[in-house]
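Here are a few notes to read with the structure open beside you. Take them one at a time and find each part on screen as you go.

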Amino acid sequence: MLEKLQRVEDKFREIESQLGDPSVVAEVERFTNLTREHSNLEPIVKKFREYKKILTQIEEDKNLLETSSDDDLKSLAAEELTDLKKSKAELDKELPILLLPKDPNDDKNVIVEIRGGVGGEEAALFAGDLFKMYTRYSERQGWKVDIVDSNATTIGGFKEISFTVDGAGAFSKLKYESGTHRVQRVPVTESSGRIHTSAVTVAVLPEVEEVEVEINPADLRIDTYCASGAGGQYVNRTETAIRITHLPTGIVVQCQDEKSQLKNKEKAMRVLRARVRDVAVREQNEAIAADRKNQVGSGDRSERIRTYNFPQGRVTDHRIGLTLHKLDAVLNGELEEIISALITADQSKKLSEQNNF
């Protein structure tokens with residue numbers, strides 16, 4: 001672990017040096033990327049430097065206890081050593097977590113989609129309750145919520161509602177909300193007082209950045225040939241027409257409108273970029289659709305990640321076996337205890353997998 005941390009600190013120092021270079025500052029994109037990387041590494045480096053300082057102080061106190069003849073000084077050293085060992089033990093747990101690979105989507109804004117599943121009107125009503133819960137939780141986090149689309153019912157619920165959540169770390173916390181949420185309560189539409197079980201699906205998607213197309217020249221096969229059609233002897237003798245094949249996708253574009261080979265190539269490349277971007281967008285949309293399907297399942301009551309039991313006033317997250325008897329507070333947006341527990345469980349799983357690798 002210490003070797004990994006030292007490599008991180010070395011990288012941090014290298015970036016700091018680059019950020020002080022006027023030539024780097026002049027390159028806006030490079031400077032922005034380095035600044036972001038510096039910001040990501042800073043919390044790790046800060047904790048590592050604190051850890052190294054503690055290790056040094058521990059060695060100094062141990063040496064003092066072994067060599068000093070001053071009882072008062074030794075007593076102070078022993079007391080400080082106890083505190084330092086506690087601090088070291090805490091950092092021993094914290095540092096491996098900081099070294100875990102970061103989810104590249106964690107800093108992105110979020111698109112949340114809530115849909116009523118099994119349960120009809122009652123499911124739609126609970127979809128509305130969940131929307132209010134996430135809105136209140138977002139307000140507590142200082143995030144901004146905007147409704148994108150909704151299909152409201154006549155009694156105040158939503159068959160479906162989608163909204164964006166903009167704010168620092170939105171995806172890093174809300175991503176644990178994806179799945180089927182089950183509610184057990186007596187519906188307002190139930191006259192006999194029977195408890196019903198309904199289900200609502202939640203999908204949490206990172207906001208997708210606009211697809212940028214980068215075409216590697218090595219991925220292109222460019223053929224020239226004589227243009228056909230009107231133009232007399234010139235077009236038949238000079239290879240001005242261009243055919244460009246994008247090898248990874250198999251897309252072929254050709255252009256012979258211009259008498260200049262260079263202009264034909266420029267036109268063909270414009271068309272090629274547009275077609276490659278179209279393919280990238282379609283693949284991206286298919287990936288999002290697959291992600292959404294994986295997140296929410298079929299919306300059946302049995303595919304639940306969490307149950308909200310109104311008669312007992314409890315919320316149970318089935319993934320980590322956590323039960324809280326404060327349903328009203330949770331529905332009022334007090335989700336931090338549940339989400340913190342889910343983050344801790346996720347980190348523990350990743351640490352275990354990393355140690356077993």
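1. In the largest pocket, the lining residues split into 13 nonpolar, 4 polar and 11 charged. One thing to keep in mind throughout: this is a predicted model.

2. Now the pocket itself. The volume of the largest pocket comes to about 880 Å³, and 28 residues line it. If you want to find the middle, look for Leu-100, Pro-101, Lys-102, Asp-103 and Asp-106, which lie nearest the centre of this pocket.

3. Which elements give two or more residues to that lining? They are helix H3 (28–67), helix H4 (71–98) and helix H10 (336–356). H3 gives the most, with 6 residues.

4. The axes of H3 and H4 come within 9 Å and cross at roughly 150 degrees. Angles over 145 degrees count as roughly antiparallel, so that is how H3 and H4 run relative to each other. The crossing of H3 past H4 is left-handed. As for the residues where H3 contacts H4, they divide into 17 nonpolar, 2 polar and 10 charged.

5. Next, the strands. There is an open sheet of 8 strands with mixed pairing, and the order across it is E2-E3-E1-E5-E4-E9-E10-E11. Strand E2 (144–152) and strand E11 (322–324) are the edge strands, each pairing on one side only. Going from one strand to the next in this sheet, the twist averages 15 degrees.

6. Let's zoom in on one pair in that sheet. Strand E1 (residues 110–116) and strand E5 (residues 196–206) pair in the antiparallel sense, over 7 bridges. Which residue of E5 is the bridge partner of Ile-111? It's Leu-205.

7. There is also an open sheet of 3 strands, in the order E6-E7-E8, with antiparallel pairing.

8. Strand E7 (residues 241–246) pairs with E8 in the antiparallel sense over 5 bridges.

Definitions and conventions:
Residues are numbered from 1 along each chain as its sequence is written. This is a predicted model: local features need pLDDT of at least 70, side-chain atom pairs count only at pLDDT 80 or more; totals for chains, interfaces and linings use all residues. Side-chain values use heavy atoms; hydrogens and water are left out. On a 1 Å grid over the protein atoms alone, a cavity is a set of points where a 1.4 Å probe fits but cannot get out, and a pocket is an open set with protein on both sides within 12 Å along at least five of seven lines; lining residues have an atom within 4 Å of a point. Grid points are joined across faces, edges and corners, and a volume is the space filled by probe spheres set on the points. Helices (H or I, at least four residues) and strands (E, at least two) are DSSP runs, numbered from the N terminus. Ala, Val, Leu, Ile, Met, Phe, Trp, Tyr, Cys and Pro count as nonpolar, Asp, Glu, Lys and Arg as charged, and the others, Gly among them, as polar. Axes are lines fitted to C-alpha atoms, for helices over the stretch in contact, and angles run from 0 to 180 degrees between N-to-C directions. Angles under 35 degrees count as roughly parallel, over 145 as roughly antiparallel, 65 to 115 as roughly perpendicular and the rest as oblique. A crossing is left-handed if the near helix is turned anticlockwise from the far one by less than a right angle, and right-handed if clockwise. Two strands pair if DSSP finds at least two bridges between them.
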